[in-house]
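Please look over the model below before reading the notes on it.

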Amino acid sequence: MSRIGRLPVTLPDGVQATVSDGKVRIAGPKGKLEHPVAAQLGVVVDEERRQVRVERSGEDRQSKALHGLLRNLIANMIVGVTEGYERSIQVVGVGYSAKLEGAKLVLQIGYSHPVPVAVPEGLEIAPPEQSSMLVTGVGAVPCVTLRIRGIDKQQVNEFAASVRRLKPPEPYKAKGIRYEGEEVRRKAGKAFAVQE
């Protein structure tokens with residue numbers, strides 16, 4: 001048995017789980033999520049014990065891998081509909097900025113034009129926070145923090161990654177878009193020889 005897959009997932013108060021049409025559906029105070037169930041797996045909802053268990057029919061390698069994966073996905077869905085997920089990204093650089101315009105995030109990230117990014121349905125971005133951040137060797141650099149919130153962990157992280165890909169942090173002045181708390185490996189600039 002998969003060590004992770006065999007662990008039951010506890011259903012907190014106010015959360016309902018149902019299985020139908022090859023999908024597991026979780027509903028809670030923050031919303032509803034669903035995920036398909038692979039053919040070789042089964043999901044059992046125990047209402048008396050307030051638990052969800054994932055069972056598998058085969059012992060092949062793929063079934064074992066999917067067993068633990070589905071169990072963790074269900075656990076993440078339960079956290080999502082009760083607490084939600086948040087990912088923070090920082091836009092770092094002089095002249096770099098971010099603002100919300102309706103359902104779009106508009107970024108100024110060193111290009112000659114603003115970069116609009118459509119915010120997917122189901123995600124919410126808190127108003128950008130302007131602050132300063134200390135970067136080693138450069139001093140205080142202007143920084144805008146964006147907080148992305150949603151109930152689907154994958155959607156939150158995927159959107160944060162797609163925004164970061166627009167301008168990853170560069171290694172010389174550490175300008176660009178990074179996750180909050182991300183370490184950026186710095187490189188020394190070119191050292192020119194002094195001629196006498």
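1. The model is predicted, with local features requiring pLDDT of at least 70 and side-chain atom pairs pLDDT 80 or more, while totals for chains, interfaces and linings use all residues. Residues are numbered from 1 along each chain as its sequence is written, and side-chain values use heavy atoms, without hydrogens and water.

2. The protein chain has two helices and 14 strands (DSSP runs numbered from the N terminus: H or I of at least four residues for helices, E of at least two for strands). Its radius of gyration, 22 Å, is well over the 16 Å that the globule rule gives for 196 residues, so the chain is more spread out than a compact globule (taken over C-alpha atoms; the rule is 2.2 Å times the number of residues to the power 0.38). The C-alpha atoms fill a box of roughly 80 × 40 × 25 Å along the principal axes.

3. An open antiparallel sheet contains three strands in the order 1-6-5 (strands pair if DSSP finds at least two bridges between them). Strand 1 (9-10) and strand 5 (41-46) are its edges, each pairing on one side only. Six antiparallel bridges link strand 5 to strand 6 (residues 51-56); Gln-51 in strand 6 is the bridge partner of Asp-46.

4. Which strands does helix 1 touch? Helix 1 (residues 61-82) packs on the sheet and touches strand 1, strand 5 and strand 6 (contact means heavy atoms within 4.5 Å).

Methods:
Axes fitted to C-alpha atoms, helices over the stretch in contact; angles between N-to-C directions.
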